[in-house]
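Biologist: I would like to learn how to read a model like this one. Please show it, and I will ask about features one at a time.

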Amino acid sequence: MADDYLVRIGKLIRDARQHRGWTQSQLAEALGTSQSAVNRIERGNQNISLEMIARIGEALDSEIVSLGYAGPMHLRVVGGRRLSGAIDVKTSKNACVALLCASLLNKGRTVLRRVARIEEVYRLLEVLGSIGVRTRWINDGIDLEIVPPADLDLDSIDAEAARRTRSIIMFLGPLLHRMDRFKLPYAGGCDLGTRTVEPHMIALRRFGLDLAATEGQYHALVDRSVRPDRPIVLTERGDTVTENALLAAARHDGVTTIRNASSNYMVQDLCFFLEALGVKVEGIGTTTLTVHGMPNIDVDVDYSPSEDPVEAMSLVAAAVVTESELTVRRVPIEFLEIELAVLEEMGLDHDRTPEYVADNGRTRLVDLTVKPSKLEAPIDKIHPMPFPGLNIDNVPFFAAIAASAQGKTLIHDWVYDNRAIYLTDLNRLGGRLQLLDPHRVLVEGPTRWRAAEMMCPPALRPAVVVLLAMMAAEGTSVLRNVYVINRGYEDLAERLNSIGAQIEIFRDI
């Protein structure tokens, strides 16, 4: 029982530290102790006195413990309200996590601008901090500075944090150039069915990486004599698979060609970042990438990841399902053109500004104003395709949109084993969704949404879809345990409240 309380207190301390934007090292300095001691406290592996708890609370300006455990975060939603005004799209979650992994390529100082303050990023920062990488929020907590050590301490890796993010798999590409053997915890993340790492291995074996999985860990062994002597053909056009291959190629002393590569937004951002490091990448935006690697990368780099097209789509969907007029600013239009074309076919009325350039100097943005519209079900089914097709992560939002349209819409989510199943949670809120098989769901609209209390689905995008439906439902709904939403969205409830929603964050006492 005592160990359980130590873990709970440790999590509260970690959350308070992250809320302030401090690293473990900064808290340790304020307490006059070591970063490793703070790490042990936050993981519940060290006895802690009431005096120390008080000192930590004073340092973080936060009441750590009030003789009770706060428990998971929930949302109370008063629905049926119209949204109005304007809201900015935040930087891309998937780009930010890829760039955090890519920072391991660089011996110099990396600064990433306007990094998404989300749980997925926090987990990676915990992992980086545990292996010796110094990270700190700068410029009032807006930007992130990353300084690697001369040698990484993988024996001290925070396994708990690593297992809560699938992004840890992208450590393989950078690490294979830094050490001959190492271990990584199994990757975690959303519950979206079986997702094998074999496509990653098919690419990385060409750089001499051999991986064995035992006892909850990947055991990596690198053969320096193995080099890619012909183009690498990816067996799936996956985003993280392409990113891992890029990360491995970036420090390979030679030219690497990657075929059947993803050209999605986060991959393009990674390519732009690699170019900022001095790595030449040809074919950005296509399915064939040619990387001119640099065996030694030691530069001070400053980079601004672009905005998140999936967050932009979720904000557009929020306007549609609540029948609101809303301006979504800084929309990366080239990664939403198919989605908007489908919505136009369904009858969406919207305006968009002329294009302008994102802070990375490459991505095209617009401001998009969505207007209340009478939607009709599309003639064709909704299904994802690799970029430039309809984005895989945007498919779930069409479940809520289709439920607001007249007629029946077939959604075919062929990529994930069980995400379509989670979409049927909308039936608890008055939706009429029929699951045809684990990948196909038939949505009938229009829907008279009704309030309900329910648990959050264990997958990010379906969880946000449920929240959007609650915003459209008259009455008060409760969505319990929303950690998965916080994995991918920064201050979503507060930001939605700023444009007219009424969402309250609360915890069980």
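Biologist: Where is the place of R330?

Modeller: R330 lies in strand β14. Helices (H or I, at least four residues) and strands (E, at least two) are DSSP runs, numbered from the N terminus. This is a predicted model, in which local features need pLDDT of at least 70 and side-chain atom pairs count only at pLDDT 80 or more, while totals for chains, interfaces and linings use all residues. Residues are numbered from 1 along each chain as its sequence is written, and side-chain values use heavy atoms, with hydrogens and water left out.

Biologist: What is the phi of R330?

Modeller: Most residues other than glycine have a negative phi, and most peptide bonds are trans. R330 has a positive phi, near 65°, and is a residue other than glycine. E323 is not a glycine either, and its phi is positive at about 55°. E323 sits in the loop between α12 (309-321) and β14 (326-332).

Biologist: Is R330 buried or exposed, and why does it count that way?

Modeller: Buried means under 20% relative accessible area, exposed over 50%, and partly exposed in between (1.4 Å probe, protein chains only). R330 counts as buried because its relative accessibility is 18%. E323, with a relative accessible area of 46%, is partly exposed.

Biologist: Which peptide bonds are cis?

Modeller: Two cases can be given. F387 and P388 are joined by a cis peptide bond with omega of about 15°; P388 belongs to the loop between β17 (364-371) and α14 (397-403). The bond from G445 to P446 is cis, with omega near 0°, and P446 is in the loop between β20 and β21 (453-455).

Biologist: In what order do β18, β19 and β20 stand in their sheet?

Modeller: Strands of a sheet pair through backbone hydrogen bonds, either parallel or antiparallel. Two strands count as paired if DSSP finds at least two bridges between them. Here three strands form an open sheet in the order β18-β20-β19, with antiparallel pairing. β18 (407-412) and β19 (432-437) are the edge strands, each pairing on one side only. On average, neighbouring strands are turned by 20° against each other, direction ignored. Between β18 and β20 (residues 440-445) there are six bridges, and I411 has V441 of β20 as its bridge partner.

Biologist: Why is β5 described as largely enclosed?

Modeller: Four of the five residues of β5 (residues 143-147) are buried, so this strand is largely enclosed by the rest of the structure. Strand β3 (residues 110-112) is joined to β5 by three bridges, running antiparallel, and T110 has I146 as its bridge partner. Strand β4 (residues 134-138) is also antiparallel to β5, over five bridges, with I138 opposite D143. β4 and β5 form a hairpin with four residues between them, and N139 in the turn has a positive phi of about 55°.

Biologist: At what angle do α5 and α11 cross?

Modeller: Two packed helices are described by the angle between their axes and the distance between the axes. Axes are lines fitted to C-alpha atoms, for helices over the stretch in contact, and angles run from 0 to 180 degrees between N-to-C directions. The axes of α5 (residues 93-102) and α11 (residues 265-277) cross at roughly 35° and come within 8 Å. Contact means heavy atoms within 4.5 Å; on α5 it involves N94, A95, A98, L99 and A102, and on α11 Y265, M266, D269, L270 and F273.

Biologist: Which residues touch the most other members of the largest nonpolar core?

Modeller: In soluble globular proteins, nonpolar side chains tend to be buried together. A nonpolar core is a set of buried Ala, Val, Leu, Ile, Met, Phe, Trp, Tyr and Cys residues joined through side-chain atoms within 4.5 Å. The largest one has 153 residues, and F171, F182, L467, M471, L479 and I485 touch the most other members. Helix α16 (residues 460-472) gives the largest share of this core, eleven residues. A second, separate core has 16 residues, including W22, V38, M52 and A59.

Biologist: Where is F182 found?

Modeller: F182 is in strand β6 (residues 181-185). F182 is buried, with a relative accessible area of 6%. Leaving aside neighbours within four places in sequence, its contacts include L154, L172, Y218 and V222. F182 and V222 are 40 residues apart along the chain, and their C-alpha atoms are separated by 8.9 Å.
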